[in-house]
Amino acid sequence: SSNMEDDVSLKFRQQLLLIDENLVAEDVAALKFLCIGLLSFRKLENVKSALDIFQLLMAEEYLNEEDTFLLAELLYRIKCHSLLKKLGYTKEKVQECLHEKGRVSPYRQMLYELSENITNEMLKDIVFLLQNYLPKRRITLSALELLVLLEKQGLLTENNIQMLEEVCMNVSPDLLETVNCYKMSKVSLPQQENTLPVKESSLSHTGDIKVFTQPCSESWFVIIINSGTKQKHKSKKLSVTTEFSLCFFPSGCKLFFLFFLQKMTSYKMDGPHRGFCLVINNVEFDRSLQERKGSCKDAEELKRVFTWLGLHVRTYKNLTSQEIKDVMRTWQHLQGHKDGDCFICCILSHGESGAIYGKDEELVSIRMIMSHFTATQCPQLAEKPKLFFIQACQGREIQRPVYVEADARIPDLSSVQQNISPSESIPEEADFLLGMATIDGYASFRHIQQGAWYIQALCSKLQLLVPRGEDILSILTEVNEDVGRRVDRLGTKKQMPQPAYTLRRKFIFPIPRDPPPS
């Protein structure tokens, strides 16, 4: 019996040694960070390797040959999924057991997730903002080390994340999503047997989620999701809601609750139909503007891709400035929007700063086009995402080689127009995204046979990344990288797209059943 136990113990330690050999310094730092709260700062200070951490966990009886789940959880959280099999686990098995056996607190998870999203540039900004709280000697800190330093000084605790929120707001408001999910997950309920009335908690709502507490024999999270059609807007004092969905979560299921909240930070995309997509393709012009060769390929590709994504696509060709305005008014009043999840409009034309040309070579303001679809002007699209993609120059035409054309008028030096940035073109109201082919003041390029760099990159990345579950801003970042790498055949012309947005949530297309069209 003693020999068998020795054999088991030896095999277990061999497994730990194999895991240690497959972990790099960054992994050890992550494990060390996730163990704070389970192990004291003092004990963790001397950790040099994963084996040191394993030894401490065994000494505290968190880890032994009969129970290796904590180590499996830690490996899962640092995304070392291939090492789980050495403990007899799979990624799916760990996920199943987390809500019952997970030991890493939601607070620690939140900080770790935050550190994973902090880029080097963001870290420099954070260090600058917090320099009065950091050691005077110049040291290079990782995001995890910075968080530990704040914790040691008592500036960051499980119940006080105010400084963290302020820093995130200043450096990158996108980081706040992770912090807000954590704040919501902290809503807990007293364990007592009574039937007190339901009371709205102090952390009562985020977007359309309301969290209520209902004391009972077992604690529950009660989430009321507003799906009413009338919502509060800037211009209205009151909000009227007509439909509610109730979801109950046992208080032990904090991890599942956190997952639920993260899902609820995406726009609803499960209506009767996905929505409408307009494609306005101006190829030929009445006077001095050149024909936009290759643009029909772009229009066809947009139609194929957005049809694949479930939208009803309507294409218009060679519209005058007045016809563009008329089309916008027609679609503004379409009752069919109320059953759609979103609205998309793609415009391919020549352009100037903050405007696009009609066939008659009169300019139409991009802001004016988008303003037709605000909540006031188009109530059926209230609180639904509205995406506009513009393939047009935002500045003057430049010298170009034969096979690459710029979507701009030949410079008229007698009338210098004031530049308008994309953020000035977009309505101040929420739920808009404006994807521009180029930054303000610059030309965008179109191959006369293959189509525009921006549109071709957009269609390509949508087909590649939508099936992976990526949100639209992540996809547009990839589009930026793609277009930014492209040059014309002489290697002299470059382009950089620019998105502007007031989206309140992640916009994620549901994954189509059919394979991508190309």
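I began with burial: 49% of the 518 residues in the protein chain are buried. Buried here is under 20% relative accessible area, exposed is over 50%, and partly exposed is in between, with a 1.4 Å probe and protein chains only. The model is predicted, so local features need pLDDT of at least 70 and side-chain atom pairs count only at pLDDT 80 or more, while totals for chains, interfaces and linings use all residues. Residues are numbered from 1 along each chain as its sequence is written, and side-chain values use heavy atoms, with hydrogens and water left out.

**Whole chain**

I noted 18 helices and 16 strands in the protein chain. These are DSSP runs numbered from the N terminus: helices are H or I with at least four residues, strands are E with at least two. I then looked at contacts (heavy atoms within 4.5 Å). Among those between residues at least 6 apart in sequence, 71% join residues at least 24 apart. The accessible surface comes to about 26,500 Å², and 50% of that belongs to carbon and sulfur atoms. The areas come from the Shrake-Rupley method with a 1.4 Å probe; for residues, only the protein chains shown count as cover.

**Strand β11**

Next I looked up β11, residues 386-391. Six of its six residues are buried, so β11 is largely enclosed by the rest of the structure. I checked both faces. K386, F388 and I390 are buried on one side, and L387, F389 and Q391 are buried on the other.

I then traced the pairing, which requires at least two DSSP bridges between two strands. β7 (residues 340-348) runs parallel to β11, joined by six bridges. L348 has Q391 as its bridge partner in β11. β13 (residues 432-436) also pairs with β11 in the parallel sense, over five bridges. There, K386 stands opposite F432.

**R274**

Is R274 buried or exposed? R274 is buried, because its relative accessible area is 17%. I placed it in β5, residues 273-281. Its side chain makes a polar contact with the side chain of D341 at 2.7 Å. A polar contact is a pair of N or O atoms within 3.5 Å; within protein, one must be able to donate a hydrogen and the other to accept it, and residues adjacent in sequence count only if both atoms are side-chain atoms. The R274 side chain also reaches the backbone oxygen of M269 at 3.1 Å. Not counting residues up to four places away in sequence, I listed its contacts as M269, L309, G310, L311, G340, D341, C342 and P510.

**D471**

I found D471 in the loop between α17 (453-465) and α18 (472-485). D471 counts as buried because its relative accessibility is 10%. Its side chain makes a polar contact with the side chain of S474 at 2.6 Å. Which residues does D471 contact, leaving aside neighbours within four places in sequence? I read off K506, F507 and I508. D471 and I508 are 37 residues apart in sequence, yet 4.5 Å apart in space, C-alpha to C-alpha.

**Cavity and pocket**

I searched a 1 Å grid over the protein atoms alone. A cavity is a set of points where a 1.4 Å probe fits but cannot get out; a pocket is an open set with protein on both sides within 12 Å along at least five of seven lines; lining residues have an atom within 4 Å of a point. Grid points are joined across faces, edges and corners, and a volume is the space filled by probe spheres set on the points.

I counted one cavity of 30 Å³ or more. The largest cavity holds about 90 Å³ of space. It is lined by 13 residues, and I126, L147, L150, L164 and V167 are the closest to its centre. α8 (120-129), α9 (143-152) and α10 (162-171) each supply at least two lining residues.

The second largest pocket has a volume of about 730 Å³. I noted 29 lining residues, with A29, A30, S142, L144 and E145 nearest its centre. α2 (25-34), α3 (41-45), α7 (106-117), α8 and α9 each give two or more residues to this lining.

**Positive phi**

Most residues other than glycine have a negative phi. E61 is not a glycine, yet has a positive phi of about 65 degrees. E61 sits in the loop between α4 and α5 and counts as exposed at 69% relative accessibility. K79 also has a positive phi, near 65 degrees. K79 lies in the loop between α5 and α6 (91-101) and is exposed, with a relative accessible area of 57%.
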